[in-house]
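I open this notebook to record what I looked up in a structure that is new to me. The entries follow the order in which I went through it.

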Amino acid sequence: MATRSVETSGPQETESLGGELAGLLRDGDLVLVRGELGSGKTTLVRGAARALGVTDPVTSPTFSIGHRYRASGVAVSHVDLYRLAGLEREEPELLEDYLGPGRIAFVEWPGRAHGELAKPRLLITLSHRGGDRRRIEVQGAAGDATEARR
Ligand code: ADP
Ligand code: MG
């Protein structure tokens with residue numbers, strides 16, 4: 001798997017990176033987004049969703065595990081499993097409305113699903129680097145068109 005690591009110095013740059021990564025995504029793809037609170041996961045998803053054609057405001061899901069947005073040709077799902085103890089104790093079908101064909105799905109706190117999620121197209125890990133700096137590691141299809149379509 002190709003790995004790419006970048007540092008951003010503000011939310012705008014993280015959104016832009018999200019927008020760039022969106023170009024690698026296809027219908028049915030899953031993107032896992034890991035990192036501490038405030039590391040910029042939702043910010044990155046917002047940039048990606050915009051680039052995929054979402055015009056509604058992209059905000060953190062609070063009253064449900066996810067949001068679904070209409071985009072160009074597909075739906076964009078944004079799931080946040082932060083409050084989920086572990087999917088095996090919840091309904092596994094909770095996620096079915098958000099993942100799979102017809103959608104491009106982003107999942108924050110994927111570790112909460114304890115391996116219940118499919119293999120992702122991209123695995124993104126964000127970390128704090130002091131102030132507004134964030135390190136963003138992208139594993140998967142980045143920069144590799146062949147791998148992106150596999
Ligand atoms: P998470 O979803 O990981 O909890 P959010 O994207 O909701 O994080 O919040 C990140 C916060 O950090 C926002 O308030 C954003 O403006 C701020 N921020 C500062 N610098 C950056 C950066 N380089 N990248 C992303 N967000 C940043
Ligand atoms: Mg978030």
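**Entry 1: Two helices**

I looked up how helix 1 (residues 11–22) and helix 2 (residues 41–51) pack: their axes are 7 Å apart and form an angle of about 45°. I note that the model is a predicted one. The two helices are therefore oblique to each other. I recorded the crossing of helix 1 past helix 2 as right-handed.

I then listed the residues that make this contact. Helix 1 contributes Pro 11, Thr 14, Glu 15, Leu 17, Gly 18, Gly 19 and Ala 22. Helix 2 contributes Thr 43, Leu 44, Arg 46, Gly 47, Ala 48 and Ala 51. Sorted by class, the contact of helix 1 with helix 2 has 6 nonpolar, 5 polar and 2 charged residues.

**Entry 2: Ligand 1**

Which residues come nearest to ligand 1? I found 16 residues around the ligand, of which Thr 14, Gly 38, Lys 41, Thr 43 and Asp 132 come nearest.

I looked up individual distances next. A polar backbone atom of Gly 38 is 2.8 Å from an oxygen atom of ligand 1. For Ser 39, I noted a polar backbone atom 3.3 Å from an oxygen atom of the ligand. In the case of Thr 43, an N or O atom of the side chain is 2.6 Å from a ligand oxygen atom.

**Entry 3: Glu 137**

I located Glu 137 in strand 7 (residues 134–140). Its side chain makes a polar contact of 3.2 Å with the side chain of Arg 135. Leaving aside residues up to four places away in sequence, I found that Glu 137 touches Thr 3, Arg 4, Ser 5, Leu 123, Ile 124 and Thr 125.

Methods. Residues are numbered from 1 along each chain as its sequence is written. Chains are lettered from A and ligands numbered from 1 in the order in which they are written. This is a predicted model: local features need pLDDT of at least 70, side-chain atom pairs count only at pLDDT 80 or more; totals for chains, interfaces and linings use all residues. Side-chain values use heavy atoms; hydrogens and water are left out. Axes are lines fitted to C-alpha atoms, for helices over the stretch in contact, and angles run from 0 to 180 degrees between N-to-C directions. Helices (H or I, at least four residues) and strands (E, at least two) are DSSP runs, numbered from the N terminus. Angles under 35 degrees count as roughly parallel, over 145 as roughly antiparallel, 65 to 115 as roughly perpendicular and the rest as oblique. A crossing is left-handed if the near helix is turned anticlockwise from the far one by less than a right angle, and right-handed if clockwise. Contact means heavy atoms within 4.5 Å. Ala, Val, Leu, Ile, Met, Phe, Trp, Tyr, Cys and Pro count as nonpolar, Asp, Glu, Lys and Arg as charged, and the others, Gly among them, as polar. A residue is near a molecule or strand if one of its heavy atoms lies within 4 Å of it. A polar contact is a pair of N or O atoms within 3.5 Å; within protein, one must be able to donate a hydrogen and the other to accept it, and residues adjacent in sequence count only if both atoms are side-chain atoms.
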